[in-house]
Structures are given as C-alpha cells and as structure tokens.
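Trainee: I have a few questions about how the labels in this model were assigned. Could we go through them together?

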Amino acid sequence: MNATKQSLIAEIERRVSDRILEQTNADLLIKLINNADSLDEAINIAALGTTYRRTGLHFDKRLEKMSDTIKYFRKNEALSFHTDDSKPTHKLIIGDNYEALQNLLIQYRGKVDVIYIDPPYGKDSMGEFARTNYNNAITRDNLLSMLYPRLVLARQLLSDDGVIFCSIDDKNQAYVKCLMDEVFGEENFIACAPRKTGAGDAATRSSSELRKPFDYLLIFKRGNDTELQKKIVGEKEYKYSDKLGNYKLDKFQASGSDATRQARPNLYYPIYVTKEKYLTLKETEDCIKTIFPQQVNGVDGRWMWKPEKFEKDKDDYLFYDGTTIYRKTYYDEEQDQNVYQVEKAWIDGGDCRNAKGTTDLNEIVGKSIFKNPKPIGLIEWCINLVPYKENQIILDFFGGSGTTGHAVLDLNRSEAKNGDLYEEAKPEGNRTFILCQLNEKTDTTPNGIAYDVTAKRLKRVMTGECYDGTKDFEWIKKNKPYGGNLDVYEIESVSNFEWTEGKTPFDVIDETLYGKEKFANIKDKIDWVCSNFDKTQQCLESGEEWLKRIMEE
C-alpha cells in the first residue's frame with residue numbers, strides 16, 4: 001500500500017511539473033493520500049488530480065461488455081495457398097476487425113512495426129443507423145466511437161518503435177487527429193501529410209467552394225524508440241588531403257536545437273587569431289582578431305568543442321580560411337558515407353494518386369467492383385518511412401481491396417531488384433502483411449468484399465491465377481506473380497460453457513494458428529485458452545443499442 005501511495009504521489013508531482021496542477025492543490029492531495037486509510041481511498045483521491053478537463057473533442061463511445069461467447073480464428077483451407085515455403089506466409093482475416101484485433105493480440109502484442117488504415121468515413125459506410133455527415137453518411141459520433149476501441153487495441157499491437165498511418169479526408173481530419181492524440185498521445189504525433197489525390201471537383205458551379213484535390217495522412221509513433229527513414233541524396237565528398245588522409249570541411253560552430261550559449265555555456269568562448277593565422281585561446285600581443293560564435297536567431301551561438309579539446313586538437317583537426325573556422329572530418333571506411341535528407345510531409349507523386357489505385361485494381365479484378373481503392377505507391381511511401389528490418393510486420397485492419405498486401409509484396413520484390421525488373425541478384429525482403437476485412441456484401445460483390453475482391457486480388461498477384469484456375473486478367477500480361485504464401489482465417493465463436501465432446505473451446509481452437517506448437521496435453525491447452533481468450537469475449541454494443549442509448553441521453 002505504501003509503495004502504491006508513493007507511485008500516486010509521483011504522478012501528482014509530475015502533473016505539477018507539466019503545469020496541469022497548481023502546487024497548492026498538489027500539496028493538499030499529497031497530504032490526503034498519505035492519510036488515506038485504504039488503497040481505494042488513495043486512488044480516488046489521486047484521481048482528483050489526474051483527471052482534468054480535456055481540450056479535445058467529446059463523443060459518445062460505444063460501450064464494451066462481456067459476453068459468454070469466445071471468438072477465435074478458423075483457417076479457411078479453400079482460400080489459403082502456399083507456393084514457396086522459403087517465402088513469408090501472410091494472413092488475411094475475414095470478419096469484424098474488432099474481434100480480429102482481439103485475437104491478434106494473443107500472438108502479436110508489441111510486435112507490429114507498421115499499421116496503415118483507411119477507415120470508412122464516406123457516404124453509407126455505416127449502414128442504416130448512419131445520420132447526416134455526407135448526406136446520409138456516418139455521424140462523427142459513430143465514426144469516432146467505431147474507431148476508438150480499435151485504435152486502443154492497435155496501440156497494444158504496435159512495437160516500441162512502430163508507426164501508425166491513417167488516411168482521412170479534410171472533413172474528418174481534425175476530429176480523427178484529436179482521437180488519435182487521445183489514444184497515442186499528442187507527444188507521439190509525427191505529421192499530418194497532405195496527399196494529392198487527383199484533379200478534384202473542377203466542374204463545381206458553387207461560388208462558395210474551392211477545389212479540394214487532397215486528403216490527409218495522420219502519422220503517429222508508438223513512443224520514443226521510433227526513428228524514421230531518411231532519404232539518401234548523395235555521398236560525402238572528401239576534396240582535401242593532408243598527412244592524416246582525405247578530409248572534408250564541416251562547420252566548427254554548432255547547429256541544431258541546442259546550438260546556443262544558453263544551452264551549453266561552457267562551449268562559448270573567444271578564439272584569437274595571430275598574424276600567422278594561428279588559432280589560440282590565449283590573447284597575446286600578436287593577436288589581430290577575436291572570433292566569437294555567431295548569433296543564432298538573435299542569441300549567442302556556441303562552438304562544438306570544449307576549450308580543452310580545442311587546445312589539444314586544433315592544429316591537426318581545425319582549418320581557418322581567414323573568415324570561418326572549420327573542422328576537418330576525415331574519411332573512415334567503416335562509417336556510412338551516404339548523405340541523408342529528412343522525408344517531406346507531403347505526398348504528391350503520380351503513383352500515390354487515386355487514379356493509379358483504380359487502374360491497378362481494374363487490371364486485377366475488373367472494373368467498377370470496388371470504389372476508391374488506395375494506390376500501392378501510397379502504402380509503399382508509408383512503409384518506406386519506417387527503417388527496414390528483418391521479419392517486419394505490416395497490419396491493415398480495414399483491408400478493403402488488399403492494397404496494403406499488394407504493396408508489401410511489391411516492396412519485398414524491390415529488395416531483390418538489380419538492373420532488370422525481375423533479376424533476383426539478392427534475396428527478397430521478408431516483410432509479412434496481416435489484413436483484416438469484413439465480408440460485407442454489395443451490389444458488385446455478391447459473395448462479399450473479402451471473397452470477391454481482397455482474397456481474389458491477393459491470389460491473382462501472388463500466383464498468377466484465380467481460385468478457379470483462370471488467368472484472364474490484364475495485370476498478369478505485364479507482371480510476374482510475386483509468389484509467397486497466404487493463410488486465410490475466418491472468425492468463429494463458441495460458448496464458454498460448451499461442454500459437448502469435440503465442440504468445447506479447447507477442442508475447436510487451433511493453437512497453431514496463433515504461432516504455437518500443438519500442446520502435448522490437454523491441461524496445457526486449457527491453461528493457454530483460459531489465459532488468452534477471455535478478452536475475445538468482450539463485445540461492443542450494437543448499432544441499435546448505441547443509437548438508443550445516445551437518444552435517451
């Protein structure tokens with residue numbers, strides 16, 4: 001109890017340093033916590049100091065409740081295929097993505113490197129309970145309430161250095177940004193990158209509208225371990241040489257956010273120049289010039305070295321051209337010699353525009369079957385922003401037409417490209433994708449989007465043929481199949497009190513679909529199921545329940 005009290009007090013003190021709480025209020029709360037008679041009382045007192053008015057948006061969240069039904073993965077053998085065991089095995093999960101995310105947490109908690117989502121926010125995306133947003137489209141409460149619990153689960157899946165990307169339009173960007181600030185933390189916001197989608201509505205007759213040829217990509221990181229990939233824009237050049245080798249000249253004055261005298265006072269000092277252009281820290285009669293660091297944005301700058309290092313290394317490692325002091329940086333074959341540039345938060349390439357996504361999908365599954373597919377160039381831009389590592393996992397839990405899966409396959413192949421498009425001079429990349437897609441039926445997809453679009457697209461681009469063996473689609477005429485393996489899962493349910501032999505949760509749940517070896521005995525299987533599948537019994541209130549509750553409120 002005492003340890004918990006100290007933890008609560010530390011949180012109160014942090015709120016003071018963050019200027020969320022006044023010191024006088026914090027002192028009172030700390031006194032009350034120290035005098036609390038029970039742990040519950042101490043926690044309730046601390047809550048008075050850790051709960052504060054939010055400056056973001058408010059919306060009616062769908063409530064979670066426990067059910068007596070366990071959701072689990074069942075493999076669809078008819079849709080799954082393996083072409084080469086040396087290549088990665090990817091996953092397509094058909095069913096509600098909330099339930100899919102709950103199940104993915106059993107195997108992939110903290111292991112997903114990149115998440116991309118393009119949530120439904122347009123007209124009629126949420127069905128009969130939708131109200132006005134885009135002329136009979138989803139309400140913002142409905143959109144945000146749908147997204148919130150899924151983002152909470154997604155955050156648990158992200159690795160410590162993981163990144164999540166969310167495509168959103170200009171009408172909802174501000175609202176979803178606030179929601180992601182709440183879930184991932186505003187301090188983990190990276191950028192809101194505009195993407196040029198196309199020409200926009202050039203034919204509008206309204207005198208109060210503007211063409212809007214953009215949507216947006218919200219980018220958040222998981223935490224402080226995240227680093228983004230930089231673009232290679234050239235190689236370092238070593239134009240000069242002396243007895244120590246080839247070298248280049250870099251500024252001796254510091255640059256960056258802490259390049260001020262205030263930040264590092266001990267690195268601000270005068271340097272004297274003698275008649276022979278000799279640099280020294282001692283002012284003598286033959287000194288003809290005194291050099292101080294230049295000002296940075298109106299304040300004093302600083303040098304790179306401490307005075308002690310200056311005196312030790314100035315003769316060998318500094319160069320003065322009569323105006324500026326430079327550092328000599330010598331060539332080191334063990335160091336990276338590339339010159340990097342930070343990627344811009346702006347997406348305008350033709351391969352990232354909507355027309356390209358539509359053209360690609362039409363060549364694979366036919367015209368007018370799926371509206372507004374994203375282009376693979378956009379997803380590749382996202383994935384390439386995260387440094388590549390072995391066995392990288394990319395998740396899209398609004399899988400749609402399967403663009404994210406297609407992009408991962410293409411990037412894996414690009415790792416092996418060398419000259420000719422299909423010359424595999426080195427091994428392909430081994431990224432794996434996980435797609436989740438509800439099998440909703442439309443006029444153009446009578447069997448459901450997951451069956452008629454997502455799975456079909458992946459089957460065709462990976463194997464060069466459809467499930468029925470046909471090869472009559474345009475894409476295969478000018479592209480080589482990617483190969484690889486796909487496991488397709490569907491979400492099934494079983495009552496937690498089912499006891500019929502062969503039908504209990506311990507019989508129907510296949511542990512190998514969660515990265516486990518077959519259990520040697522039933523006791524271990526029971527322990528594993530009971531420890532991991534309780535969360536899959538949580539469900540969100542239905543659309544009818546949600547609508548009734550907010551109308552009553």
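Trainee: How do you know that strand S3 and S24 pair?

Mentor: Happy to show you, and keep in mind that this is a predicted model. Pairing calls for at least two bridges, and S3 (residues 81-82) has 2 bridges with S24, in the antiparallel sense. So S3 and S24 count as paired. In S24, leucine 486 is the bridge partner of phenylalanine 81.

Trainee: Which other strands pair with S24, and in what sense?

Mentor: S2 (residues 69-75) pairs with S24 in the antiparallel sense over 7 bridges, with arginine 74 facing its bridge partner glutamate 490. S4 (residues 89-94) pairs with S24 in the parallel sense over 6 bridges; there, threonine 89 has asparagine 485 as its bridge partner.

Trainee: What makes S24 largely enclosed by the rest of the structure?

Mentor: Buried means under 20% relative accessible area. In S24 (residues 485-495), 8 of the 11 residues are buried, so the strand is largely enclosed by the rest of the structure.

Trainee: Why are the buried residues of H1 said to line one face of the helix?

Mentor: The buried residues are Lys5, Leu8, Ile9, Ile12, Arg15 and Val16. Seen down the axis of H1, they fall within an arc of 110°, so they line one face. The face turned away from that buried side carries exposed Ala3 and Ser17.

Trainee: How does the reach of H1 compare with the expected span?

Mentor: H1 (residues 2-17) reaches 23 Å from its first C-alpha to its last, close to the 22 Å expected for its 16 residues.

Note on methods
Residues numbered from 1 in each chain as written. Predicted model: local features only at pLDDT ≥ 70, side-chain atom pairs only at ≥ 80, totals over all residues. Heavy atoms only, no water. Helix = DSSP H or I, 4+ residues; strand = E, 2+ residues; numbered from the N terminus. Expected span 1.5 Å × (residues − 1). Buried < 20%, exposed > 50% of the residue type's maximum accessible area, 1.4 Å probe, protein only. Arc of directions from axis to C-beta.
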